[in-house]
Amino acid sequence: MYKKIITSFLLLFSATLLQAQSKFTVSGTVKQQSSGETLIGVSVVVVEKPGVGVITNEYGFYSLSLPKGNYTLRVTYVGYKQELIPVKLDANVTLSIDLLDQGSMQEVVVGAKKTNDNVTRATMGTEVLNMKTAAKIPVVFGEKDLVKTIQLMPGVKSNGEGSNGFSVRGGATDQNLILLDEAPVYNASHLLGIFSTFNSDAIKDATIIKGNSPAQFGGRLSSVLDVKMKEGNNKDYHVSGGIGLISSRVTVEGPIQKERSSFIISGRRTYADLFARLNSDFKDVQLYFYDLNVKANLAINNENKIYFSGYFGQDVLGVSKTFGSKWGNSTATLRWNSVLSSKLFSNTSFIYSNYDFNVRFKSDGSETKFNSHIRDFNVKQDFSLYLNAKNTVRFGFNLIHHTITPTKAEGTDIVSNKKSRKGSENAVYVSNSWKAGDRFNIDYGLRFSLYNVLGEDTYNVYQDNQLIQSIKLGEGKVGKTYINWEPRLSMSYRVSNTASVKLGYARNTQNLHLMSNSTGGSPTDQWIGNSYNIKPEIADQVSLGFSKNFNGNSYELNTEVYYKTMQRQIDYRDGADINTVPDIESELLFGKGRAYGWEILLKKKKGKLTGWVGYTLSKTERQINGINNGQWYNAKQDRTHDLSIVGIYELTPRWTLSGTFIYTTGNAVTFPTGKYVLNGVVIYQYGSRNADRMPATHRLDVSLTYEKPAKRKFQSSWNFGLYNVYGRQNPYSMTFKENKDNPQKIDAVQTALFQWVPGVTYNFKF
Amino acid sequence: MKNSSNILFVAIALLLFTSCEKKVTLTYKGNQSRIIIEGNVINQPGPYFVKITKSVSLTATETYPTIDDAVVTISDNAGNNETLTPLGNGMYRTDLLNGVEGRTYTLAVKTEGNTYTAQSTMPQQVAFDSIKVEKLTITGEVEYNLIPVYKDPIAKGNNYRFVLSVNDKLINQHFIQNDEVKNGLVNTFRLEINDDDVELKPGDVVDIKMQCIDNSVALFYRALALMADSGPGGGTTPNNPPNNISNGALGVFSAHTVATKRVTIP
């Protein structure tokens, strides 16, 4: 089976390479003129050769190979003025391009045809988050939030207020690969999901790929959220920031070598507990989080550049000495870009990532601490080969060494015997973006992934939850190896100048799994790697899509249907306490999942009113041996309808009003069906799992932004927001209690987190 | 970690000053009435009781139906075997059986054409020393921790269940402790009380019954305790807890030691 995949892949590959031999190359970097920031995903097309063009890679690099001649390059990117640049190609040419910001949201029409990017490219299930648009969308507490904005896209569902994480196309919370400058981020939220760990001031670009990512991505079944930090302004020094009711942030950026290298430092902290502590009752409460993003780059010469990025973030919660909890991520990435030739671009990365969770509490003079943590060392090598005008090849490898410590108890008189587990996760990939014909684009690729279960630890092997073998692995010894091939395919066929049909297939595997005891997510959830019992999860997704642009590209319609099967899904036996059980693997149950749905996104991109409507109709189910009598049941993240409406209205050039409306069906949950008395107390009886629904969630948020007139270099704006305008109590949890006056009657009591939450933020930049 | 998770949740909710609770009306799926068997053998002189009832739908207001014509037997691994006397109201009573630490008891119930069996082994008693009351001030409010004081034996695998009554009212919460994290030491962990419906005040009379239980009974009550966790993220997905009675009967058969202590909140 695999031989067939590899052979067909090689045949396809060589067939595409035999097309058009080209002569000379024009290559370079596309940047924002005002800051020197490189721009990702900029479209560079050749006017004289319709259909010939590339997009800039993650470092703003592009390369086009054409026969000798005179050409005009049309360079377009949302939020920037289009550029038309003449090129005389009689030798290899290096041409770096600067784009100017657009003044307002209204697009200025220059030249003839508009590029219809969403129509021509083969990419499917992908949304690029425009940071300029995200800045205007209202979110809780007036904080721009990248993750909350992504959740307004169809196919991406929030796990609910006060819950950690999000779910993409029916996948679980741990099935999203979240990368910050290539480093994996394990817990992407602060304060249990109220804020995300991304400080929008430091972010340049964010893309969400819903399951059919190109072969250079792998390791999670459902999505990739690829977040790129800004490089920092390499022309001038700037300080910007914002002061809000709950938190504040500041960013400092500037050049290291003028116009060649730069740095950016961005920090954010909440201080809600400082206000709370004004009340002497709360003087012992600690409740805050902070984020620090640091980045610097250095140009060695015209072809080589080094980048360093770092992120440190932590949540601290404590109540006097009796209870304290701390959790956080830290990541560090060192990258070396090299333009090896006009056609070959190389990126080498060394990455460190660490996620830690600690809880301590004191009872009767004794202290108990729980700790769990995951640490990665990662080496990545990636090549972009702009082979010819019709083929852009990506290939490379990725090696990760994981150290994972499951929840370990420590403290007064506690003997801890839990050890760290080690594993190595490796991949090799190759992919090609092929302009197969005038109307036909095919992106195809293959990823080979290999996971080694390593010592030094004892691994127990279970069958039907009974211990059958105990294997002791020495330090560095390989206990078990798992191999998987992951084909990726995405094709688009242009039916007209403004419309296309797309088809995609992808296989993804996942070697790290998040164990969660609770129905929502919580920081106590712990990661575990493959073992003798836990095999890599596998997902196969097929999708079919249609894209059309209307009215001279002022409206964009994207719609997709998908079907996904998941294998080797994990759940637990009833009564398993993942924090205290000696070996979590003894409690695991395995099975499969399936998810399918229809997504539709309609964007209005021009005019005073812009925004989008996104709707998803979907289902996601699981079938696990040992749960629900082995019958299929709704996964808890199954929500039939998910509607998001976002509107941004430019009242005047200084005043912008924006609003968001969301409506989602409630989560699938298990309500009691009956009751009985046992040993004097009422106990509830349950039937099928997750056959009930929480009440629906719907909410309207509005925000008003006023840009003050700029005084010399000083720009500022005020943002006023109201979260949950009509104050609906959206359900967070449901508990069942005997009625105090009539114990025979059972009351359902719903807890909601937020009603009306106002926010005021003052933003500045100089 | 229930109470600590509660603190986390309460702190965040307090911080935001806006969280709220309200009663809602829901529709429930149909219920399948199941047989409920409750049996206890303790280390004090008999008689011991088995109660057999049936479950009703969640919204039902009539009394629970009882089964009074079952044949109920309890035997032990010391050669004793007794058929219990039906008393009506779903109750069945032993007359001769003795509850002895270390013995394994087997319950058999024959009714409506079905047979249900269960087995439970009474552990050795671990002495219940006292109840320690710890007073804390958290966010301006006075709270009390109840810590059952007992010395866990060196051998691993001890499970304890605590039954709490406040002012003679039985509290519908489940408390389980074991020696997974701390073994062979005097206990310092408090009972993880959900203060939604229990607010201790000075003068309250607290009764705690300590039971030394076997693994199957511990699993049953631990599953119930995990489901009830209302901290961030919520508890585990609710389900009928795994029990030691065969053939689909709900309920639990427990052979356990008992000791009761009382304390008044100062």
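Reading a predicted model: cavities, a sheet and a helix

Tutor: This predicted model holds 15 cavities of 30 Å³ or more.

Student: What makes a space in the structure a cavity?

Tutor: A 1.4 Å probe fits there but cannot get out. The second largest cavity holds about 430 Å³ of space.

Student: Which residues are closest to the centre of the second largest cavity?

Tutor: They are L179(A), Q216(A), F217(A), K380(A) and N398(A), out of 35 lining residues. Among the strands of chain A that each supply at least two lining residues are β25 (366-388) and β26 (391-411). By class, the lining has 11 nonpolar, 12 polar and 12 charged residues.

Student: Why are β44 of chain A and β4 of chain B called edge strands?

Tutor: The open sheet has the order β44(A)-β43(A)-β4(B). Both β44 (681-685) of chain A and β4 (56-57) of chain B pair on one side only.

Student: How do you know that the span of helix α2 of chain B agrees with its number of residues?

Tutor: At 1.5 Å a residue, the 13 residues of α2 (residues 215-227) should span 18 Å, and the end C-alpha atoms are 18 Å apart, so the two agree.

Student: What makes F220(B) in α2(B) buried?

Tutor: Buried means under 20% relative accessible area. F220(B) is one of the buried residues of α2(B), which also include V217(B), Y221(B) and L224(B).

Conventions. Residues numbered from 1 in each chain as written. Chains lettered and ligands numbered in written order. Predicted model: local features only at pLDDT ≥ 70, side-chain atom pairs only at ≥ 80, totals over all residues. Heavy atoms only, no water. 1 Å grid on protein atoms, 1.4 Å probe; cavity = no way out; pocket = protein on both sides within 12 Å on 5 of 7 lines; lining within 4 Å. Points joined across faces, edges and corners; volume = space filled by probe spheres on them. Helix = DSSP H or I, 4+ residues; strand = E, 2+ residues; numbered from the N terminus. Nonpolar A, V, L, I, M, F, W, Y, C, P; charged D, E, K, R; others polar. Pairing = 2+ DSSP bridges. Expected span 1.5 Å × (residues − 1). Buried < 20%, exposed > 50% of the residue type's maximum accessible area, 1.4 Å probe, protein only.
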